[in-house]
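This briefing is meant to be read beside the sequence and the 3D structure.

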Amino acid sequence: GLDNKAIDNILKNFDTKITNPIQLTWKSGNFVEFLDLNIYMGLSMINNRLDTSVHQKASNQYIYLTQKSHHPPNTFIAMIGTELYRYIRNSTNIDEYYIIQNKYYKRLLERGFTQKFLNNIFDKYPYSKRIQIFEDMYNKEKICNNNTHYFSIPYRSPHLHSKIKHATSNLSLGLHEHHKVYENNHIIITKTRTPTLVNILMNMN
């Protein structure tokens with residue numbers, strides 16, 4: 001492998017080749033930081049695997065939304081839940097997860113969230129959820145590999161709903177008749193609650 005001096009020379013040479021030099025750093029050893037991960041040689045090395053935990057920059061100010069901001073409750077629930085989801089996914093060690101989870105909890109308290117509100121969310125994200133998270137990721141990847149067709153229609157358009165239902169019914173029959181060609185096709189219809197251009201045009205008639 002390369003020694004430290006050789007790597008330093010490579011980085012210096014790289015800087016001389018570009019117009020606007022950028023600062024590159026490197027690190028070697030049993031522990032490195034990469035994007036939002038700490039990657040290290042831990043207990044998983046028994047199975048020839050690396051361990052990971054959540055990396056947070058020293059400059060991070062953790063300025064999360066406050067509970068007093070004018071957002072619907074579901075926004076806060078989604079924000080907190082998504083972050084806990086990421087912590088579970090990126091933590092191969094249960095202790096590492098609960099350390100970062102506890103820090104997150106305290107930071108949210110400092111931003112004005114109540115214990116009752118937080119407890120209702122945090123209780124839904126135990127570390128045991130990790131297996132299910134990776135199973136869901138695998139299943140979503142399988143779906144994405146298929147041909148999925150999305151239709152978005154206004155929520156309050158009953159006439160349009162019936163037309164879409166009739167059209168997709170005929171389409172489904174067509175897919176069934178050509179099953180060998182379209183066996184990986186999926187149709188997903190979503191309804192939007194907010195006004196759309198279709199709503200506006202229909203109200204003008």
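In this predicted model, strand β3 (residues 51-54) is covered on both of its faces, with D51 and S53 buried on one side and T52 and V54 buried on the other.

**Strand β3 and its sheet**

- Strand β3 belongs to an open sheet of three strands, arranged in the order β1-β2-β3 with antiparallel pairing.
- The edges of this sheet are formed by β1 (31-34) and β3, each of which pairs on one side only.
- Averaged over the sheet and with direction ignored, neighbouring strands are turned by 25 degrees against each other.
- Between strand β2 (residues 37-40) and β3, which run antiparallel, there are four bridges.
- Within this pairing, I39 stands opposite T52 of β3, while Y40 stands opposite D51 of β3.
- Helix α2 packs on the sheet, where it touches both β2 and β3, and the direction of α2 makes about 160 degrees with that of β3.

**Residue S53**

- S53, which has its place in strand β3, counts as buried because its relative accessibility is 5%, and the cut-off for buried is under 20%.
- When residues up to four places away in sequence are left out, S53 touches D36, L37, N38, Y40, N90, S91 and E96.

**Packing of helices α2 and α4**

- Helix α2 (residues 73-90) packs against helix α4 (residues 115-122) at an angle of about 50 degrees, and the axes of the two helices lie 10 Å apart.
- Because of that angle, α2 is described as oblique to α4.
- The crossing that α2 and α4 make is right-handed.
- On the α2 side the contact is made by P73, F76, I77, I80, G81 and L84, and on the α4 side by F117, L118, I121 and F122.
- Sorted by class, the residues in the contact of α2 with α4 comprise nine nonpolar, one polar and no charged residues.

**Residue Y98 in helix α3**

- Y98 lies in helix α3 (residues 94-110), and its relative accessibility of 35% is why Y98 counts as partly exposed.
- Leaving out residues up to four places away in sequence, Y98 touches P126 and Y127.
- The C-alpha atoms of Y98 and I88 are separated by 9.0 Å, and these two residues are ten residues apart along the chain.

**The protein as a whole**

- The protein has eight helices and five strands, and from the N terminus on its elements run α-β-β-β-α-α-α-α-β-α-α-β-α.
- Of the 205 residues in the protein, 23% are buried.
- Among contacts between residues at least 6 apart in sequence, 58% join residues that are at least 24 apart.

Key
Residues numbered from 1 in each chain as written. Predicted model: local features only at pLDDT ≥ 70, side-chain atom pairs only at ≥ 80, totals over all residues. Heavy atoms only, no water. Axes fitted to C-alpha atoms, helices over the stretch in contact; angles between N-to-C directions. Parallel < 35°, antiparallel > 145°, perpendicular 65-115°, else oblique. Left-handed = near helix turned anticlockwise from the far one by under 90°. Contact = heavy atoms within 4.5 Å. Nonpolar A, V, L, I, M, F, W, Y, C, P; charged D, E, K, R; others polar. Buried < 20%, exposed > 50% of the residue type's maximum accessible area, 1.4 Å probe, protein only. Pairing = 2+ DSSP bridges.
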